[in-house]
Amino acid sequence: MPLVNLYKKLSPFQRVIIALILGISAGIFVGEPAGDIKVIGDVYIRLLQMTVLPYVLVSIIGGLGRLDSTMASRIGYRAVKVIVIMWLSVMATLLLLPLAYPNWETAGFFSTSMLAEPAAFNFVKLYIPSNIFASLSETIVPAVVLFSLLMGIALIQVKNKETLLTLTTNIGDSLMKVASYVAKLAPLGIFAISASAAGTLEVEELGRLQVFLWVYITAAALLAFVFLPLLIHWATPFSYREILSTAGEAVITALATGTVLVVLPMIIERSKALLAKHGMECEETDSTVDVLVPTAYSFPSTGTLLGLGFILFSAWYVGSPLGFDDYISFVIMGALTAFGSMAV
C-alpha cells in the first residue's frame with residue numbers, strides 16, 4: 001500500500017522517467033531474455049496507434065465543415081504558407097543532419113533485403129482511396145487525409161449539417177478520452193520497450209546510437225527554442241518571450257503525458273488568452289482558433305517531420321547512406337506520409 005500511495009503522488013512525467021530507468025537497468029541486468037517482454041511494448045504502441053486515424057478523420061471533416069467558404073479559403077491560404085515554410089525548414093535541417101555523423105567503415109552487415117527486389121510503389125493506391133474503409137483498415141494515412149479534406153470542404157456547402165458536426169465533435173472528444181486512458185499505460189509500455197532494447201542491444205550498437213540521439217536533441221532544441229518562436233514572432237505581433245511563456249505549460253504537459261492530443265484544449269485556451277491580451281479577440285478569431293488547432297493536429301508537425309531523420313541515421317548506421325537522388329524521394333514522400341502519427 002505505501003508503494004501504491006507513493007506511485008499515485010508521482011506526476012506522469014516522473015512515472016515515465018522512473019519506468020525508463022528501471023527498464024534500462026532491468027534489461028542490462030537480465031540480458032537477452034528481457035527481449036521476451038517486447039510484446040508488452042508492442043501492445044502499448046498499437047494502443048497508441050488505435051485512435052490516430054479515427055481522430056484524423058473526424059477532426060478534419062468537423063473542423064472544415066464548421067467554416068464558411070470565405071473564412072476557409074482565407075485560413076487555408078495563410079496556414080499553407082506557414083506550413084510550407086516550417087516543412088521546408090525542417091527538411092533542410094534533416095538533410096544537414098548526416099553531415100554531423102562521423103565517417104566509419106562498416107563490415108559484416110548483411111540483410112536479405114539487399115538481394116530482394118524492392119517492393120513496387122503504388123502512388124495511386126497510397127494517395128487516392130477507392131475504398132475509404134480499406135484505407136482505414138490498411139492504415140493508408142495519406143488516402144484517409146485526402147478523403148477527410150474533400151469531405152470537410154464539401155460539408156461547408158451542405159445545409160442542416162449540425163447533426164453531423166455534433167457527431168464528429170462527440171467522436172473526437174471520445175477519442176481524446178481513449179488517448180488519455182492509453183497515456184496512463186505509458187510507464188508499463190516504456191518499461192517493456194526500454195528493457196527489451198537494453199537487453200538485446202550490444203555495446204558497439206549503443207555507441208553508434210548515441211550519435212543519433214545527440215544530433216537529434218541538438219536539432220530539436222534549435223527548432224523549438226530558436227526557429228519556431230522566431231517564425232511565430234515574425235508572423236504575429238507577439239513577442240518572443242510571450243510565445244515561450246504561453247506555450248510553456250502545454251509543452252511540459254505534452255512531454256509528461258507523451259502526447260499532444262491531451263493538450264489541444266489547453267492550446268486553444270492559451271491562444272485565445274494571448275489574442276485577448278493584444279486586443280485581437282473577436283468571434284472570427286475565436287472561431288479560427290477552435291477550428292484550426294484540432295485540424296492542424298492532423299497535419300505533420302515539425303517534431304513529426306524531424307523524426308524522419310531516423311531514416312537518414314539508419315542508412316548511415318548500416319553503412320549505406322542515401323544518395324543525392326534518394327533525397328528527393330525522401331523529402332517528398334517523407335512529408336506526405338507523415339500525417340497522423342510517427343508511430344504509424
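Predicted model: local features only at pLDDT ≥ 70, side-chain atom pairs only at ≥ 80, totals over all residues.
Reader: Which helix gives the most to the nonpolar patch?

Author: Helix H11 does, with four residues, and Phe 225 has its place in that helix, while H11 (203–235) and H12 (240–257) each supply at least two residues of the patch.

Reader: Why is H3 called roughly parallel to H4?

Author: The axes of H3 (residues 38–50) and H4 (residues 52–65) cross at roughly 10 degrees and come within 5 Å; angles under 35 degrees count as roughly parallel, and therefore H3 is roughly parallel to H4. The contact is made by Leu 48, Gln 49 and Met 50 of H3 together with Val 52, Leu 53 and Pro 54 of H4, and by class it has five nonpolar, one polar and no charged residues.

Reader: How do you know that Lys 38 forms a salt bridge with Asp 42?

Author: The closest N and O atoms of Lys 38 and Asp 42 are 3.2 Å apart, and the definition asks for a side-chain nitrogen of Lys or Arg within 4 Å of a carboxyl oxygen of Asp or Glu, a condition that this pair meets. Lys 38 and Asp 42 are separated by about one helical turn, because they are four residues apart in helix H3.

Reader: How many salt bridges does the structure hold?

Author: The structure holds two salt bridges.

Terms used. Residues numbered from 1 in each chain as written. Heavy atoms only, no water. Axes fitted to C-alpha atoms, helices over the stretch in contact; angles between N-to-C directions. Parallel < 35°, antiparallel > 145°, perpendicular 65-115°, else oblique. Contact = heavy atoms within 4.5 Å. Nonpolar A, V, L, I, M, F, W, Y, C, P; charged D, E, K, R; others polar.
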